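Open your viewer and keep the selection panel handy.

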Amino acid sequence: MLKALFLNFLRAIRALLSRKIEIKCDSIPYEFNRVPLKKIINWILVEASVFFKTNRPWGWPTHVQIEPTNFCNLKCALCPVTEGLKRPSQHMDFAAFKKFIDETQDYLLLIVLWDWGEPFLNPKVFEMISYAKKRNIKIVSSTNGHIFAKGDHAEQVVKSGLDSLIFAVDGTSQNTYERYRKGGKLNTVVTGIKQVVAAKKALQSKTPFINLRFIAMKHNEHEIPQLHEFARALEVDAVTLKTLNPHSDGRIIAHEEYGNEFIPENPGYRRFKYDPRTHARIRRRYSPCKSLWNCPAIHSNGDVCTCTFDVNAKYVMGNIDQQSFKKIWKGNSYSSLRCNFREDYQKISICSDCTHAFEGGSLNTETIAQAHFFV
């Protein structure tokens, strides 16, 4: 603990002296230069809050996950949207997004612009990106890619200033791809990637950084050896191999841990570590989750929830349409939940079965099995 505290202290001093902060999201580094002192101090206070697990954070969120919409154009296996969310389907209102950004722009470093659904189905999504970018906030988003194969969407996403774009491509052949991405067409996704690459070249833009994302599963792990060449041919900037989370919302959604149709045969591609005797996941005594202190999740209707795993909004802390976010963030509901998490995270239903709760499942450092950069 003392070593971790000392290393955090050194990071803070370095940031104050250099006015630079570097963070990683899904193994992709994001560098912030000439950071205003106010934002650096807030980042230091938030990191300290994470370390000490305070009831009320000493700063405001440095990260946020925002759901532009929970509609989707595919029916992916294991996805809660496919199964049917227990909350209304809608696009986030641009006015609500703008209100939140106006309130937090002096503190936010990174927006993760997706949650459940295809974010680029929201007709205002490029305006959202542009609005946040003008306030010096970095943004990463994820897509199944189909929308970029038509119209001027590729040009719009480049012009919006989006920093990083993940294309979810879980197969290098149609038969493999559609096993998980039901209703999807690999050729359409490939066209979408090529359109964005071409738009970057035409506009002489370095962004968005294009990350081809491949979730390792039993039916596609045989294609992993050819993945780098597949990605290189598309001229993407990176390819990342992510492990599958077979658990969601307090239940196993891939029905068996061993022998089911999605968990990879290769243990190196599985997310969790298992007890060799019981085959059960190995639980952590302390969860490494940071979300209660640095990264709220905001659903498309404006509800502020604990994190992305609160799929059906069981833990709603407030609503940005109806309240000030700052009052929500330091309000009694959030404080009580943080206190309970610090005392015993396993007593909170959404946390006890979260990916963070088990060895191998930390979203901070563990769930990206491989990352290869072409630039």
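A residue is called buried when its relative accessible area is under 20%, exposed when over 50% and partly exposed in between, using a 1.4 Å probe and protein chains only. The model is predicted, so to speak of local features pLDDT must be at least 70, side-chain atom pairs count only at pLDDT 80 or more, and totals for chains, interfaces and linings use all residues. Residues are numbered from 1 along each chain as its sequence is written, and side-chain values use heavy atoms, leaving out hydrogens and water.

**Stop 1: a tryptophan and its partner**

Select W293: with 0% relative accessibility, W293 counts as buried. Rings of Phe, Tyr and Trp (its six-membered ring) pair if their centres lie within 6.5 Å, and planes under 30 degrees apart count as stacked, over 60 as edge-to-face and the rest as tilted. By this rule there are 15 aromatic pairs. In the pair of W293 and F341, the ring centres are 5.7 Å apart and the planes stand at 70°, so the pair is edge-to-face. W293 sits in helix 10 (residues 291-294) and F341 in helix 12 (residues 332-344), so the pair ties together parts 48 residues apart in sequence. Helices here are DSSP runs (H or I, at least four residues), as are strands (E, at least two), numbered from the N terminus.

**Stop 2**

Next, select F120 and F126. Their ring centres are 5.9 Å apart with planes at 40°, so this pair is tilted. Both F120 and F126 are buried. Then highlight F100, F325, W329 and Y334, a cluster linked by ring pairs.

**Stop 3: two helices side by side**

Colour helix 5 (residues 125-133) and helix 6 (residues 153-160). Which residues of helix 5 meet helix 6? Show F126, I129, S130 and K133, which meet H153, Q156, V157 and S160 in helix 6, where contact means heavy atoms within 4.5 Å.

**Stop 4: a loop lysine**

Finish at K218, in the loop between strand 7 (209-216) and helix 9 (227-233). At 24% relative accessibility, K218 counts as partly exposed. Draw a C-alpha to C-alpha distance from K218 to N266: the two are 8.3 Å apart in space and 48 residues apart in sequence.
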